[in-house]
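Please open the model in a viewer and keep the selection tool at hand.

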Amino acid sequence: MRAFDVSVITEVWGTDRTDRGAPAFDLRRVAADRATPVPMRGGLTLLPDRTLTWLPRADLILVPGLDDHLTPAPAPALDALRRAHARGTPIAALCGGAFTLAQAGLLDGRRAITHWNLVDLLRAHHPRVTVVPDALFIEDDNIWTAAGTAAGIDLCLHLVRRAHGAEAAATIARSMVTAPFRTGTQAQFIEHPTPRADRDADALAAVREHALRHLHEPLTVADLAAHAGMSPRSFARHFTAATGTTPLRWLLDQRVAAAQKLLERTDLPMPEVARRAGFGSEVTMRQHFAARLATSPRAYRAAFGTGPDTDTDTDTDTYADTGALTGGSSPIAR
């Protein structure tokens, strides 16, 4: 079993951060035989603390990758995963863990992702899987798969965010000294010839920082291109190559994240939240929440808000500094 995958799972769900406001989790290490240590690369072993009979109690099941991606997984484990999915338990596989889910038949006819270097191998050995080559993580029918290595962190934090809100995920991410979420796809990490160093990388980093400090303003892609000193077409090409996503999608992702933080931390009226996040109107914000989070801003506040649930007649003088929650840095990395 891959030690890194196990470490990511343990770091996210196995560390007590309740003193910092994070939820309390109960992480169990489940295997067919709890008395036999599971070997990992580098001379490490993991001793399970529960057998597969415990799995019906799980709210979420995480599957680390095997060290050899083509090694047949134990039949009892595959059977337990099939039963868990039939019960409706969410299942998430990190990196090569997708091969285990594929062996169980859980990815047949479904979309899935794995490390970019393993995409062809997954397709060849499991042709009924619809392999998506360039996502960081993906969900299909309550089954989550993630791209290689660090994308497992992205998926784990995303699952925390879905269940407990952006603030909980941000708290864990800060403790891990990592970003609460990354935009883009794993296409940005696939091996390419190293380009000649030029000014573009610095310009793009500067323009992203500028955008995060001015999310509350009506920024456009043309505005960002001008700030970078590029034509819009050249800017879009360089931005996508560097981040794996388009400037517009990146900007909208940042606006949604800023709105999430405001909805969690404040009782500002919806129109004010939309304005400060840069959407311009509550209708526009609602549309982007539906497209990206499959929920509405009001439903999100009801689920994750920590302040009074009042959406009208709110005194906003306390928040007179427009950039207080949307400027200065990434809105969910603070």
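Begin by selecting Phe-239, which counts as buried because its relative accessibility is 1%; buried means under 20% relative accessible area, exposed over 50%, and partly exposed in between (1.4 Å probe, protein chains only). The model is predicted, so local features need pLDDT of at least 70 and side-chain atom pairs count only at pLDDT 80 or more, while totals for chains, interfaces and linings use all residues. Residues are numbered from 1 along each chain as its sequence is written, and side-chain values use heavy atoms, with hydrogens and water left out.

**Stop 1: the aromatic cluster**

Phe-235 and Phe-239 both lie in helix α9 (residues 232–243), four residues apart, about one turn of the helix. Helices (H or I, at least four residues) and strands (E, at least two) are DSSP runs, numbered from the N terminus. An α-helix has 3.6 residues a turn, so residues three or four places apart point the same way.

How are the rings of Phe-235 and Phe-239 arranged? Rings of Phe, Tyr and Trp (its six-membered ring) pair if their centres lie within 6.5 Å; planes under 30 degrees apart count as stacked, over 60 as edge-to-face and the rest as tilted. By this rule the count comes to six aromatic pairs. The ring centres of Phe-235 and Phe-239 are 5.5 Å apart and their planes stand at 50 degrees, so the pair is tilted. Both Phe-235 and Phe-239 are buried.

Next, select Trp-250. The rings of Phe-239 and Trp-250 have centres 5.8 Å apart and planes at 70 degrees, so this pair is edge-to-face. The pair links distant parts of the chain, with Phe-239 in helix α9 and Trp-250 in helix α10 (residues 247–265), 11 residues apart. Trp-250 is buried, its relative accessible area being 6%. Phe-235, Phe-239 and Trp-250 form one aromatic cluster.

**Stop 2**

Move to Thr-266, found in the loop between α10 and α11. Thr-266 is buried, with a relative accessible area of 3%. Polar contacts are pairs of N or O atoms within 3.5 Å; within protein, one must be able to donate a hydrogen and the other to accept it, and residues adjacent in sequence count only if both atoms are side-chain atoms. The side chain of Thr-266 reaches the backbone oxygen of Leu-262 at 2.7 Å.

**Stop 3: helix α13**

Which residues of helix α13 (residues 297–304) are buried? They are Pro-297, Tyr-300, Arg-301 and Phe-304. These cover an arc of only 100 degrees around the axis, which puts them on the same side of α13; the arc is that of the directions from the helix axis to the C-beta atoms. The face of α13 turned away from its buried side carries the exposed residues Ala-302 and Ala-303. The buried residues of α13 pack against α5 (151–164), α6 (166–176), α10, α11 (270–276) and α12 (282–293).

**Stop 4**

Select His-69, in the loop between β5 (61–63) and α2 (75–87). His-69 is buried, with a relative accessible area of 18%. Contact means heavy atoms within 4.5 Å. Not counting residues up to four places away in sequence, His-69 touches Arg-2, Gly-96, Phe-99, Gln-103 and Leu-118.

**Stop 5: salt bridges**

Stay with Arg-2, whose side chain meets that of Asp-5 in a salt bridge (3.2 Å, N to O). A salt bridge is a side-chain nitrogen of Lys or Arg within 4 Å of a carboxyl oxygen of Asp or Glu, and the structure holds 18 salt bridges. Arg-2 and Asp-5 are buried.

Now select Arg-110 and Asp-141, which form a salt bridge with the closest N and O atoms 2.6 Å apart. The pair links distant parts of the chain: Arg-110 is in the loop between α3 (97–103) and β7 (111–112), and Asp-141 is in the loop between β9 (137–140) and β10 (143–146), 31 residues apart. Arg-110 counts as buried at 18% relative accessibility, whereas Asp-141 counts as partly exposed at 40%.

Finish with Glu-167, Arg-174, Lys-261 and Arg-265, which are linked in a network of salt bridges.
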